[in-house]
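Please walk me through this structure, part by part.

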Amino acid sequence: MATSKVNKKVFDSEEALTTVKDLRTTFDSGKTRSYEWRISQLKALLELTEQKEQEIVKALCNDLDKPPLETVAYEISMLKNSCKTAIKELKHWMAPEKVKTSLTTFPSSAEIVSEPLGVVLVISAWNYPFLLSLDPVIGAIAAGNAVVLKPSELAPATSSLLTKLLAEYMDNSSIRVVEGAVDETSALLQQKWDKIFYTGNGKVARIVMAAAAKNLTPVVLELGGKSPVIVDSNSNINLQVATRRIIAGKWGCNNGQACISPDYIITTKDYAPKLVDSLKTELESFYGKNPLESKDLSRIVNSNHFARLSKLLDDDKVSGKTVYGGEKDESKLRISPTILLDVPRDSLIMNEEIFGPLLPIITVDKLEESFDVINSGPKPLAAYLFTNNKKLKEQFVKTISAGGLVINDTTLHLAVHTLPFGGVGDSGVGAYHGKFSFDAFSHKKAVLYRSFFGDASIRYPPYTKTKMRFLKALMTGGLLAIINAIFGKS
Amino acid sequence: MNNNGLELEETVKELGQYFKTGKTKSVTWRKNQLQAILNLVHENEDAISKALYQDLGKHPVEAYRDELGGVEKSAQNSLDSVEKWMAPTKSNIPLLFFPAKGEVLPEPLGVVLIFSSWNFPIMLALDPIIGAISAGNVVVVKPSDQAPACSSFLANTLPQYLDTNAIKVIEGGGDVCEQILLHKWDKIFFTGSPRVARIVMTSAARNLTPVTLELGGKCPAIFDHLSNPSDFKMAVKRIVGAKWGICSGQACIGIDYLLVEEKYSSEVIELLKKFIRKFYGDNMVESRVLSRIINKQHFERLCNLLKDPLVAASIIHGGSIDETNLFIEPTILLDPPLDAEIMTEEIFGPLLPVITVNKIQESIGFINSRPKPLTIYAFTKDDTFKRKIVAETSSGSVVFNDTLVQFLCDTLPFGGVGQSGFGRYHGKYSFDTFSHEKAVMHRHLCLEIEPRYPPWNKFKLEFIRLAYRFNYFGLVLHMLGLKKHN
């Protein structure tokens, strides 16, 4: 169907309102609540992911030059697993949870029933545009909601692919994609949603939450931060393995453009040169002598981000600090894996989330100082530690506040469905993955069943001293206190 | 920033510094504070009852039942359970990541702000404080200025029992609230009206501060036909207790309106009148059994609800007011117009509209066409109807054949949905609401999987595919070169 530019409908507030209304009508009909509907949609997503793998790989190549293996590993396979987990566990997740009741409300029975919130909005990001669009949608569908997905306009090939595929595979009366940029997003944010799930940066997150506040809409905000890596010099770690894992988490994840990529490293002054050497060796073995040309690295997403990253390198405060890499090709939007050593704490690169292939190393005299360095800044989404020292591990876990922590590896916790994935403080609000996704899009309704047997007259006026005594015993005492109260003791 | 503003800034800074010392994270500290709250309540029962009487005309039994007793129960439960709650929860990690260990560790959020409300001014300040303390946070509590005696009590007494470095009371009105909201908090817990909740959340958005909003709504009571006369009697008693016996209807979980089948409505109304007389007698103001209306502003608001002539015409019991004593008689209305304010706004007072329907099942549609309430009450013995109510309506909670007791059940999450709020607390939910659940994954540096790393090739791609499917057998075959490539 051909559409000329003149006829293309602008997605404005009115359109947004109509979309929400349509979805609300579907939701109110009860269609999305049934187990059968949810499973059918989850299976459809799985089919979409399996059948359209090539198209997805191609879109990500267009948007980010993402190596096919990264797309398969991080976007497609992870999404498939997420679908499969939801399909396998859905019955169990949907079942009401029986809870114990105490003597105070005897006789009674109680349960917690999960119910969908209604019509939800998922706003996705550009760096894992396929995964970060559909993974939250899995949660929304599993929980029985109707969904509008707004993919990032900075990954346009994936955005249009999602529009096409979701229209083809999914139930259009309850799942819609709205493409666009600031205007379209604003139009969407003006509507009343039952939940908004946002993945992106802190600046836009504030706008999203403020818009949500108008309708008292609960939000999940998956943001980022400067995820630090502490490398211990004193516990005889296998440096080669540690280095490879750091590289895999940094440049192996969309060339550092990932919310949980190692942002910077902290290690001791004397160990830093050893670490740098190890990084250089392993980087070369992964990406060859000419990493700017390597097909195994994503490019920088667009010229804005390229300029932003260049600025970090051009900062006077880091001049002379580059010990590896630093090559740029603006026409191809490529920056080679770059390591900087001993950057000052007040440099630009140390005061914003890098989100790119630059890795600064900060050195300290004693490793324990690294905890203070991290805690003096905003709470990151992830923090990493490489060590064999048990005490250091314990201290790290106890002292560092971040969304999630990984010891002796990087980024893997993203793939573990039994761990909640989300931030704290500036790195976000709420969590998802596995059952946490289901919960994020559900209302947990408390249901209490009482009977007419045994009414306590102490509940009602006229209020007397005796009633007061009974009341006290009933509220806070156990059985003995109640018996005592019956026999007139208090 | 004025003098008060600077003081506030200092206070917030000091609290942050104290939190950083880590003192509030220790289980001993938390238990000490919880015990201190218990001591506070035990040793000040009379003073608290007095303050509640002064602010709301609350009878001491109501004060105990709804406030003191609740705080005691909550503090004791937290004291007994906090150590258990603090323990990390193990998470299973797939074999693929062997060797690995995973857990979720709760940690305090930091400096939290609690806004209390005026109708249960002690309970709604101390109960969230209990949650915040159990979770290891430092706290600022802002009691409602509309309950000044209780606000004063808290400001004077909390410092005598609790660690003053960690728990602070800030008194004041709207202007103080505004000032407080200018600061960065690690969590805001708000109990109150949707209008103010919007202001709080908008402020919180500036700093991405997570919030819990405990609001209200029009909590309906569905009254199905009960054939057993003693059941019927009990149901009516419970309804009367839940309307007027709880702060004269000024409660978020109080019954707002009743839904009943037309043919039973007169029976229900007669019995309602009978129990009102029985519980509250004829000299309601003197007998002091019923709370009064909190202040002139709310008194006028409630009187205005009755001013609409069509609404006034629907009054079938009560309706008299005593402006000096801020007292409004328990009032029943039969089928007031549905577009009148009394049926579109949360009443929060001693006026009970009885709405008749043809068939009781219509209640579901009636409730669903309105904003989601905090609680739906239903009196019925019809199990099918019960299931339908749970499946087809949405509310913070549902209670069958009783009222208000869900508040005491600390294994049930207490909170709203939609316009009635989001987030929840009570029992462990209080602890959780003031915690960050930190995911922790432990790995080892031995046992490496080569295919994780570039340069990429077909072998590695296939490996990763198999790995993600947790197809361990396939992986082994692949490694041995025995698997065909797709």
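Domain bounds here come from an automatic or database domain assignment. On that basis chain B splits into domain 1 (5–215 + 426–437), domain 2 (220–413) and domain 3 (449–485). The C-alpha centres of domain 1 of chain B and domain 2 of chain B lie 31 Å apart. Keep in mind that this is a predicted model.

Look next at where these two domains meet. In chain B, 22 residues of domain 1 are in contact with 23 residues of domain 2. Together domain 1 and domain 2 of chain B bury about 2,100 Å², with 53% of that on carbon and sulfur atoms. Polar links are there too. Between domain 1 and domain 2 of chain B there are 11 residue pairs in polar contact, both residues at pLDDT 80 or more. The count of salt bridges between domain 1 and domain 2 of chain B is 1. Lys73(B) pairs with Asp410(B) in a salt bridge, and their closest N and O atoms are 3.8 Å apart. On the domain 1 side of chain B, α3 (45–56), α4 and α17 (428–433) each supply at least two residues that touch domain 2. Helix α4(B) gives the most to that side, with 5 residues.

Now turn to chain A. Its secondary structure comes to 16 helices and 18 strands. The C-alpha atoms of chain A fill a box of roughly 85 × 65 × 35 Å along the principal axes. Of the 490 residues in chain A, 62% are buried. Among contacts in chain A with a separation of 6 or more, 71% join residues 24 or more positions apart.

Then bring the chains together. The size of an interface is often given as the accessible area lost when the parts come together. Chain B and chain A bury about 8,700 Å² between them, 63% of it on carbon and sulfur atoms. In chain B, Leu208(B), Leu445(B) and Tyr468(B) lose the most area to chain A, together 11% of what that side buries. The contact takes 109 residues from chain B and 102 residues from chain A. Across this interface of chain B and chain A, 38 residue pairs are in polar contact, both at pLDDT 80 or more. Chain B and chain A also share 5 salt bridges. Arg443(B) forms a salt bridge with Asp409(A), with the closest N and O atoms 2.9 Å apart. Helix α4(B) gives the most to the side of chain B that touches chain A, with 9 residues.

Asn408(A) lies in the loop between β16 (404–407) and β17 (428–429) of chain A. Is Asn408(A) buried or exposed? Asn408(A) has a relative accessible area of 0%, so it counts as buried. Its side chain reaches the backbone nitrogen of Thr387(A) at 2.9 Å. Among the residues that Asn408(A) touches are Arg245(A), Lys393(A), Arg443(B) and Leu445(B).

Finally, look inside. The largest nonpolar core has 166 residues, and those with the most contacts inside it are Leu221(A) and Phe223(B). Helix α4 (residues 60–86) of chain B gives the most to this core, with 9 residues. Domain 1 and domain 2 of chain B both give residues to this core, so it lies between them. Apart from its neighbours within four places in sequence, Leu221(A) is in contact with residues including Tyr198(A), Met209(A), Val429(A) and Leu208(B). A second, separate core of 110 residues includes Ala248(A), Val276(A), Tyr287(A) and Leu359(A).

Key: Residues numbered from 1 in each chain as written. Chains lettered and ligands numbered in written order. Predicted model: local features only at pLDDT ≥ 70, side-chain atom pairs only at ≥ 80, totals over all residues. Heavy atoms only, no water. Core = buried A, V, L, I, M, F, W, Y, C linked by side-chain atoms within 4.5 Å. Buried < 20%, exposed > 50% of the residue type's maximum accessible area, 1.4 Å probe, protein only. Helix = DSSP H or I, 4+ residues; strand = E, 2+ residues; numbered from the N terminus. Contact = heavy atoms within 4.5 Å. Buried area = accessible area lost by both parts, 1.4 Å probe. Salt bridge = Lys/Arg side-chain N within 4 Å of Asp/Glu carboxyl O. Polar contact = N/O pair within 3.5 Å; in protein donor to acceptor, adjacent residues only side chain to side chain.
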